[in-house]
Amino acid sequence: MSNLVIYLGLLLFTMLLIIIIILGKIHQRRNLWQRLGIPHDEPGYIFGNLNGLSLARPFANAIRRTYNKYKLHRIPFCGFVMLTKPIAIVTDLDLAQDILVRDADKFSDRDSYHNKVDDTFSENLWNLEGEEWRELHRKLAPLFTMEKIQKVFPNIVQEADELVDALDEMDQEVVDIYDLCQRYIADVIADSLLALECHTLQKPISEFRVYGNDHVTKPRSKVAVALMECQRFVARAHHLTQTLEEVIDFFYSYIGAAVLEQEHNKYERDNFIRQLVDIKNEKEEKNRLSFDEIVANSALFFTAGYDTCASTMTFALYELGTKRHIQKKLREEIMQVLEKYNDELTLEAIDEMKYLDMVISETLRKYPIYPYVERVANCDYHTKEPDFKILKGMTVLIPIEAILRDHDIYPDSFKFQPERFEAGKATRRHPMAWIPFGDGPRSCIGMRLGQLMIRIGLITLLTNYEFYGCHRTPVPMRIDKKSRLLRPEKDVYLRVLSLE
Ligand code: HEM
């Protein structure tokens with residue numbers, strides 16, 4: 001027998017062995033819930049409990065259906081198979097609180113794909129794990145205290161005034177408010193927080209909008225996304241990265257320039273770049289941020305805040321435009337409070353606008369941007385009654401959207417009713433009944449800032465304009481099925497009339 005035949009035989013044998021091992025692993029993962037005796041729906045061989053490869057809206061819908069079915073079984077969690085990966089879906093709010101808050105040290109990491117070798121840009125606050133995350137969080141959290149946010153308050157107010165100027169200049173009655181909100185939020189984050197030249201309120205097409213868009217930062221095939229989610233070893237071996245080269249180059253050139261500008265000329269206005277450069281130049285090395293960390297995390301602040309806030313503001317205006325009595329009540333409150341403060345918009349004045357708070361809370365309830373948050377168990381974990389075991393390394397998913405739309409928690413949950421958040425009513429609900437920003441140590445670091453940008457934007461718009469539904473307004477709201485986050489499918493038109 002020639003060497004070639006032996007070689008080919010060995011190759012064939014090795015390939016067969018690899019295929020058998022992979023199939024065996026898939027079989028094992030697929031049958032995990034059955035072996036553990038955890039209630040679950042029978043998963044299919046290729047897609048698990050999904051109907052296809054999509055991990056966007058269809059995945060969020062499947063999670064909601066599964067939660068609704070198994071919460072009736074009065075169990076802490078149920079099993080689900082996402083393609084080939086078993087995940088536990090929490091169906092009990094007490095367990096959700098244990099995972100996110102009480103026992104957060106046992107579930108400290110998010111289950112997100114990142115690739116240190118090929119994509120240092122992905123080593124940001126969202127993706128980092130364990131001690132690395134804790135260290136970075138310690139350095140970045142002070143940026144988001146109310147004291148620091150107060151310093152950038154005038155920048156946000158100025159951008160909101162420019163939003164009104166942009167609307168005035170449009171000189172048209174029917175306006176795409178999604179586009180408008182995206183431009184306002186892009187300018188607040190880029191121009192006034194990160195000191196980057198963006199100016200989308202003046203020129204709508206900007207690279208920031210393109211690169212801030214989820215579709216563009218992740219224009220991956222469904223197979224690539226599936227591998228990054230479920231077969232991380234294979235994804236890393238194929239050098240799959242979350243972020244595209246051109247996106248990295250874009251942020252490096254813009255944020256790099258802003259950092260240099262701050263180091264040499266110092267910006268007059270307060271902004272995050274100024275504060276980040278201060279951390280970069282800290283005396284003690286352990287307290288410093290590197291240049292790469294500044295770029296990666298500034299880009300994260302932009303991408304994490306841009307569409308989340310713009311979509312929330314759009315959903316709020318949509319509800320106000322189509323429910324005129326709520327808009328009227330809200331405008332009356334805003335006008336009354338502003339009158340008390342001599343028409344000056346201050347943080348204290350905003351704090352007094354309780355109905356505004358209720359409208360935003362209800363918007364985030366009806367339209368939760370993140371359908372779920374996830375954590376990975378650091379150790380084997382036993383739930384309280386009944387005793388179910390979460391295995392070390394297992395992904396656990398808290399289904400935010402399913403909880404916020406649960407009819408038992410929020411009767412007529414498809415209706416927009418800000419009164420659900422009246423003083424007293426919200427506190428009677430379980431603390432996990434409203435978690436659009438997650439909860440615990442890994443909850444949204446930009447929550448206060450995001451809510452402030454939305455509040456200032458809404459106050460400024462409602463004191464200058466009236467919003468109405470019109471023949472081009474989508475009823476019901478159309479949601480983008482290709483996005484994992486909840487956002488409008490595309491244009492959201494409302495009729496906008498000046499109050500003057
Ligand atoms: C309406 C607006 C927003 C919503 C609904 C939202 C929601 C969320 C959610 C659900 C998480 C995950 C929390 C968890 O796993 O428990 C998160 C994390 C995060 N958000 Fe937001 N967010 C918003 C605005 C912002 C803004 C404006 C910024 C930055 C300026 C921001 C930056 C971040 C970061 C950096 C994380 C990761 C935190 C960590 O892992 O330590 N978000 N956000």
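**Sheet pairing and ligand shell in a predicted model**

Strand S8 and strand S9 (residues 493-498) pair in the antiparallel sense over four bridges, where pairing requires that DSSP finds at least two bridges between two strands. Strands (E, at least two residues) and helices (H or I, at least four) are DSSP runs, numbered from the N terminus. This is a predicted model, in which local features need pLDDT of at least 70, side-chain atom pairs count only at pLDDT 80 or more, and totals for chains, interfaces and linings use all residues. Residues are numbered from 1 along each chain as its sequence is written.

The open sheet comprises three strands in the order S3-S9-S8, with antiparallel pairing. Strand S3 (174-176) and strand S8 (465-468) are at the edges with a single partner strand each, so one side of each is left without a neighbour in the sheet. On average, neighbouring strands of this sheet are turned by 45° against each other, direction ignored, with axes taken as lines fitted to C-alpha atoms.

Around the ligand there are 25 residues, of which Gly-305, Gly-438, Cys-444, Gly-446 and Gly-450 come nearest; a residue is near a molecule if its C-beta atom, placed from the backbone, lies within 6 Å of it. The elements giving two or more residues to this shell are helix H14 (291-322) and helix H20 (447-464). H14 gives the most, with seven residues.

Regarding confidence, the model scores ipTM 0.99 and pTM 0.93. The protein chain averages a pLDDT of 90, and 98% of the residues score at least 70, pLDDT being the predictor's confidence in each residue, from 0 to 100.

Methods: Axes are lines fitted to C-alpha atoms, for helices over the stretch in contact, and angles run from 0 to 180 degrees between N-to-C directions.
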